[in-house]
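This report is an introduction for a reader who meets the structure for the first time. Please keep the sequence and the model in view while reading.

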Amino acid sequence: MDHDRPLRSRLSNFVRYRNDHLSGDEKGEAQIYLDALFRALGFEGLRQAGATLEQRLKKDDARGTAFADLMWKPRCLIEMKKAGVDLNRVYRQAFDYWIRAVPDRPRYVILCNFDEFWIYDFDQQLDSPMDKIALADLPQRWEALAFLLPEPEAPSFGNDLVAVTRHAAATVAGVFRQLHERGIDRTTAQHFVLQSVMAMFAEDIGLLPGHFFTRALDDSRSGRDAYDYIFGLFREMNSAGITAGGRYRGTPYFNGGLFNNVIPIELENDELGALRAAAATNWSAVRPEIFGTLFEQSMDARERHAYGAHFTSQADIARIVIPTIVDPFREKLAAAGSIADIERILNELYAFRVLDPACGSGNFLYVAYREMRRLEHEALTLIRERRRARDLAQTGLAYVTPDHFLGIDRNDFAVEVAKVTMMLGKKLAADELDDDQQVLPLDNLNGSIIASDALFSPWPRADAIIGNPPFLGRRWMVDQLGASYVSRLQDAYPRISGVSDFVCYWFPLAHDALADGGRAGFVATNSIRDTSSRAASLDYIVDNDGVITEAVSSKPWSGDATVHVSIINWIKSRDPLPGKRTLWLNETELRLDVDVIPSSLSPGVDTRKAVPLSANQKPKVCFQGQTPGVTEGFTLDADERADLIRQDAGSARYIHPFATGDNLLHALVYDRFIIDLPHRDVLEAERDAPALMRHLREHVLPVRQDAARKQVEQNEEQRSINPRFKPRKHHINFLDYWWMLSYRRTDMVEAVSRNAQYIATARVSTEDRPSVFTLVDSSVRPADIVVALPFDDAYTLGVLHSSLHRKWLEARCSHLGTGLRYTSTTVFDTFPWPQTVSSDQVKRIEAVVGEILALRNRNRAAGMTLARQYDSLRSPGRSALRSLHERLDVAVREAYGFSEEDDVVAQMLALNLDLSDSSEAVQGPGPISVPAARL
């Protein structure tokens with residue numbers, strides 16, 4: 001690289017400067033040191049680079065402000081300590097600073113004590129730095145800081161444990177698949193692989209001497225040799241005491257249940273080769289999440305979906321473990337006034353029990369255990385410091401033990417993985433904290449982590465409940481879990497049976513299992529913020545002495561499924577809870593301290609109290625579009641449409657342009673068409689549209705017949721399990737009118753056909769794009785992803801297109817990923833329209849709407865779709881469209897008579913409640929008493 005040689009020279013000069021002129025005093029020299037570092041990297045100085053010194057960060061405990069030594073968003077946060085400080089002790093402070101460094105949270109965090117650089121990427125790995133660079137090595141190892149260069153480059157790290165873990169996991173999972181595919185029983189293959197992983201870990205972290213497992217592999221020239229060598233080792237690991245002689249002399253007793261059942265397998269040569277490759281990995285560098293990854297890779301896709309089993313990053317786990325477990329204890333330690341107070345807190349730690357009722361491979365329990373061991377270490381350090389005695393022994397004190405970390409999971413193998421994860425956690429924590437806790441024999445956790453179904457078995461007592469319960473949408477539950485299981489759920493939890501996601505069952509169970517003062521934290525799909533899902537989960541919590549203390553409203557999940565999640569931490573408390581709550585917004589890029597976090601996980605007004613208004617409901621004027629059911633059979637492209645009309649010209653009247661949410665926004669013409677036969681008699685349909693019926697008989701009827709048959713089978717299965725089961729019949733009923741759309745929405749068709757045009761919008765809108773409402777010709781059929789309103793007046797379109805209506809949508813909608821879903825019952829039916837509107841106010845709204853439509857039409861004629869036009873409003877810049885919408889917002893606000901100083905949603909909620917109290921709204925949608933302009 002061109003800059004390599006001069007960069008090395010500047011960094012060498014920087015090293016000499018530090019050694020010759022700086023003593024390593026944090027307060028007096030940190031800023032001088034950092035400025036010199038930036039100059040060595042090629043800047044004129046750190047301020048010229050754009051970095052900030054002593055950046056203020058609000059503390060979580062509301063006791064003032066913390067200061068980050070250097071903040072350079074979004075690249076890096078640097079925290080300096082004096083020379084000689086053990087940077088391990090600063091890790092927690094750095095992580096706390098990083099969490100609070102929003103918006104534009106920096107990607108990397110560097111801890112530096114003048115002579116070492118520890119580089120963290122907390123999104124990637126939490127416990128260990130991505131690299132450790134000694135100051136003397138910096139000129140040769142500068143690539144690890146390449147992200148700090150004036151022209152940043154991808155860094156090259158020497159301690160990327162995620163990469164090591166993924167490679168090791170893939171290799172070992174490959175061994176499992178080879179064994180299983182050649183006929184080895186699945187459970188036997190899984191158990192053998194898990195024993196092998198434990199042996200490889202053990203020899204690399206100093207539990208198993210002599211690298212006995214690797215030597216057994218190397219000495220095995222055949223499967224017969226391996227049969228003797230490998231399984232002989234496993235038997236010795238399960239033998240009490242220390243092996244006295246022979247090949248495995250010195251092998252300690254492992255216990256723990258993992259080696260209780262040794263089932264020998266005669267391995268094939270390629271399996272031995274794969275195991276040798278795995279053993280060559282430095283397993284001391286493999287994160288314990290290896291077990292979670294291994295667990296996932298050893299299951300097929302259908303099984304993973306059924307269990308809802310997916311990997312959660314440590315950073316996301318920390319967003320539960322820290323506020324739910326760590327922060328309350330740290331607050332107690334900070335307030336402790338004496339050694340006796342600290343010892344009482346230690347006793348609380350030793351008695352504290354944590355439960356994950358859907359523990360999977362134990363990642364949440366592992367993180368909780370490591371954090372509680374660190375808390376224990378902090379407490380003991382405080383005692384030592386207060387006694388001024390560095391040689392205070394551990395004698396007489398207990399340890400935080402793995403058997404207080406309790407787990408439940410349906411999957412037997414996951415349970416075994418979780419036990420091993422916790423066993424390793426004990427050794428890794430002892431090494432990190434440099435204590436002399438006895439690790440072997442391994443704890444027997446058979447009574448702590450159990451294979452059971454948490455929805456149908458009692459939960460053990462726990463002080464904190466954490467986890468990532470399985471995600472599974474309602475429509476998948478019968479297919480993935482089976483009819484009999486879903487029937488049992490409906491009987492056991494009738495109040496929850498209508499919710500949208502399987503995850504909702506865990507929330508009320510967890511809340512009921514907590515004692516007063518107990519805390520919980522879960523990751524869940526962000527649908528729990530919405531409608532019936534919220535009623536079964538978060539509403540239940542806040543309505544039953546629950547207080548949400550910290551939450552992430554929505555963020556992309558760190559797992560391998562394309563889903564957005566919410567993260568919720570709460571406490572069960574009969575007494576008022578002082579202090580602020582923390583709500584993370586904008587995918588954790590914004591932090592908001594609020595008095596109350598409502599169950600909607602949205603700031604401001606809790607709009608749950610809003611009620612439907614009769615003026616919006618009677619007659620019905622907000623419709624979902626048509627649902628074909630068998631999309632490929634009913635929808636056509638232009639060539640297919642033309643071909644059918646050539647066969648039968650009379651069919652044209654039953655083929656309509658089809659408006660999906662996508663082509664409303666992204667297309668200039670309708671290029672999809674839909675067959676919409678209104679006939680209720682098959683012979684009438686054959687008579688009026690023979691070509692269409694031939695097409696549907698070929699492409700729709702077989703699909704409908706197959707769906708009806710499957711539904712009959714499912715009903716029979718559920719009825720055999722539960723005589724009270726109410727059969728599902730929609731697919732069976734569709735067969736009676738197989739040539740018709742699944743949901744034709746006849747009332748919608750009739751309503752939108754009364755005028756030449758109707759108002760439409762996509763039912764799911766983009767989170768950061770303004771809602772787009774448009775006028776559609778009444779010959780066009782809206783798809784089910786479209787909301788249709790049978791109005792064509794400018795006033796109605798103007799109110800709907802205002803930011804006031806958008807804010808109500810955001811407060812009341814459900815979600816699909818990050819998209820906002822327009823629901824008639826929660827959004828439209830409760831929306832309070834302006835009630836006393838003057839003729840002048842109507843005309844002002846109409847005039848602006850006319851200008852907006854004219855501008856949009858000119859842009860469309862020039863080839864700009866509506867999406868492209870409104871996407872332009874996401875970024876700053878002068879825009880005629882933006883100015884017109886700002887004028888529209890002013891006109892609509894004036895029509896409401898709302899104050900500019902007060903929250904719009906709060907005012908709309910007050911208006912909604914006022915109208916509901918008076919039992920009648922004066923005005924709903926549509927033309928009002930003054931003549932409204934038609935468009």
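Although histidine 211 is not a glycine, its phi is positive, at about 45°, and with a relative accessible area of 37% the residue counts as partly exposed.

Aspartate 545 also has a positive phi without being a glycine, with a value near 65°. Its place is the loop between α20 (538–542) and β12 (546–556), and a relative accessible area of 40% makes aspartate 545 partly exposed.

## Cis peptide bonds

Lysine 73 and proline 74 are joined by a cis peptide bond, for which omega is about -5°. Proline 74 belongs to the loop between β2 (65–72) and β3 (76–80).

Another cis bond runs from leucine 440 to proline 441, where omega is near -5°. Proline 441 is located in the loop between α15 (412–433) and β9 (449–451).

## How helices α6 and α8 pack

Two packed helices are described by the angle between their axes and the distance between the axes. For helix α6 (residues 186–204) and helix α8 (residues 223–237), the angle is about 75° and the axes lie 11 Å apart. Since angles of 65 to 115 degrees count as roughly perpendicular, α6 and α8 are therefore described as roughly perpendicular to each other.

On the α6 side the contact involves Phe192, Gln195, Ser196 and Ala199, which meet Ile230, Phe231, Phe234 and Met237 of α8. Sorted by class, the residues of this contact of α6 with α8 comprise six nonpolar and two polar, with no charged residue among them.

## How helices α26 and α27 pack

Helix α26 (residues 690–699) and helix α27 (residues 701–721) pack with their axes 4 Å apart and at an angle of about 40°; α26 and α27 are therefore oblique to each other. Leu696, Arg697, Glu698 and His699 of α26 make the contact with Leu701, Pro702 and Val703 of α27. The classes here are four nonpolar, one polar and two charged residues in the contact of α26 with α27.

## Nonpolar cores

In soluble globular proteins, nonpolar side chains tend to be buried together. The largest nonpolar core of this model has 163 residues, and those that touch the most other members are Phe192, Ile230, Phe234, Phe254, Phe502, Phe507 and Trp570. Among these, Phe192, Ile230 and Phe234 also take part in the contact between α6 and α8.

Leaving aside residues up to four places away in sequence, phenylalanine 502 touches Leu455, Pro470, Leu472, Met477, Leu481, Tyr485 and Leu489. Another core, of 55 residues, lies apart from the largest one and includes Phe791, Leu800, Tyr870 and Val904.

## Confidence along the chain

Over the chain the pLDDT averages 87, and 92% of the residues score at least 70. Where in the chain is confidence lowest, and where is it highest? The lowest mean, 44, belongs to helix α11 (residues 301–307), whereas the highest, 98, belongs to strand β7 (residues 354–356).

Residues 301–309 keep a pLDDT under 50, and the model gives this stretch 23 contacts beyond four places in sequence. The pLDDT also stays under 50 over residues 392–396, for which there are six contacts beyond four places in sequence. Where pLDDT is low, the predicted coordinates should not be read in detail.

Key. Residues numbered from 1 in each chain as written. Predicted model: local features only at pLDDT ≥ 70, side-chain atom pairs only at ≥ 80, totals over all residues. Heavy atoms only, no water. Axes fitted to C-alpha atoms, helices over the stretch in contact; angles between N-to-C directions. Helix = DSSP H or I, 4+ residues; strand = E, 2+ residues; numbered from the N terminus. Parallel < 35°, antiparallel > 145°, perpendicular 65-115°, else oblique. Contact = heavy atoms within 4.5 Å. Nonpolar A, V, L, I, M, F, W, Y, C, P; charged D, E, K, R; others polar. pLDDT = per-residue confidence, 0-100. Core = buried A, V, L, I, M, F, W, Y, C linked by side-chain atoms within 4.5 Å. Buried < 20%, exposed > 50% of the residue type's maximum accessible area, 1.4 Å probe, protein only.
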